[in-house]
Amino acid sequence: MLRSRSGNFASAAAAFLLGSALAGAALAGGPAKESPLSMVEALHSAFGDHHDRAVHTKGLVFVGTFTPAKEARTLTKEPIFSGGPLPVIARFSLFAGVPDLADNDDGASPAGLAVKVKAKDGDDFDIEANQHPDFIVSTFDEFAVFLRAVGSTKPDSPHPSPVEQFLATHPHAVQFLHSRTYPASYAQARYWGINAVKFTNAKGQSVFVRYTFKPHAPEKYLTPDERKVAGPSYLGDEIVRRIAAAPVSFDLYAQIAGKGDKIDDPAVAWPATRKMVKLGTLTLVNQPDDPNEVARTLLFLPGQSHPGVEAADPMLVLRNTAYPISLGERQ
Ligand code: HEM
């Protein structure tokens, strides 16, 4: 059954912006209580179940190549970083789980970039990133609590509404919601992998890293006035036109964890001064011939282990279990 709760989401989104930062963050630890299915249901409670991606629903698929940088081999023995260019499928998306969301809606940010490198040995290498260097909450379970609070907040909910109650005890979430940016183009945004992974090189030396994609085009974000007048498909229309005219590229970097950087808390960004090592260049050249069919069957598994690359943040391992549930529901 298709249920649309986008109106409810829009009112909850408005409530986010009214939230004020109050003291006291409660961060859950220990094993996750949520199952992959209960997490996808929590996403539906916030956004509705549209028989589509449970979140990041509106998006566009492109194909191109990934060309590794030689510095990558100093960090990881993963084969995709040692050969020549490999084929890529990538998808840009708005954040919320609402298929007809306007590109200039509050819930469109943080926009996503998901990348699948088709490795020669058939071991696809997936990275998912979004526009924020940190996540709204620290754990998988806490994300479900937030989503259910959004879902149970109605336009006529007495104050404090469930989402206001959540925000009152989660100052980082308030700060996150207020610091969202809205890109002028999908090709002019910076994207972050957020959840830490462990890289191991051929000598057996390991480091913890977080991915980031830096656009070749200059970063540009809309002012609030520009966003108000941007059309409901300004991002989608622009990226299709731009890639039809010329390839769009991003450099992929590994941000190396420093002393004291949290591996298991995606709500805390690592300092911008941390060393960045270039891993390669992503270049998008075309839409596939059958973009809707490619998008329907496309599954990204960003927590998958590979030789020399392992998920380190527990949230990444848990995310990997929820993605196939959403894929199954949208077939
Ligand atoms: C507890 C945290 C998270 C959960 C439960 C979650 C869950 C999901 C689900 C269920 C989907 C739809 C999958 C599909 O139908 O194929 C999705 C898509 C996506 N997620 Fe997450 N996610 C989480 C955190 C993140 C983070 C931290 C990032 C960015 C670093 C991210 C980036 C994306 C992107 C870019 C997509 C769109 C993939 C596509 O284009 O097909 N997610 N997420």
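Helices (H or I, at least four residues) and strands (E, at least two) are DSSP runs, numbered from the N terminus. This is a predicted model: local features need pLDDT of at least 70, side-chain atom pairs count only at pLDDT 80 or more, and totals for chains, interfaces and linings use all residues. Residues are numbered from 1 along each chain as its sequence is written.

The buried residues of H7 are Tyr234, Leu235, Ile239 and Ile243. They sit on the same side of H7, because they cover an arc of only 135° around the axis. The arc is that of the directions from the helix axis to the C-beta atoms. Arg241, Ala244 and Ala245 are exposed on the other side of H7. Buried means 20 or more other C-beta atoms within 10 Å of a residue's own, and exposed means 12 or fewer, with C-beta atoms placed from the backbone.

Now the core. The largest nonpolar core has 82 residues. Such a core is a set of buried Ala, Val, Leu, Ile, Met, Phe, Trp, Tyr and Cys residues joined through C-beta atoms within 7 Å. Leu43, Ala90, Phe146 and Leu282 touch the most other members. H3 gives this core its largest share, seven residues.

Last, the ligand. Of the 32 residues around the ligand, Arg53, His56, Arg91, Gly112 and Ser326 come nearest. A residue counts as near if its C-beta atom, placed from the backbone, lies within 6 Å. H9 provides the largest share of this shell, six residues.
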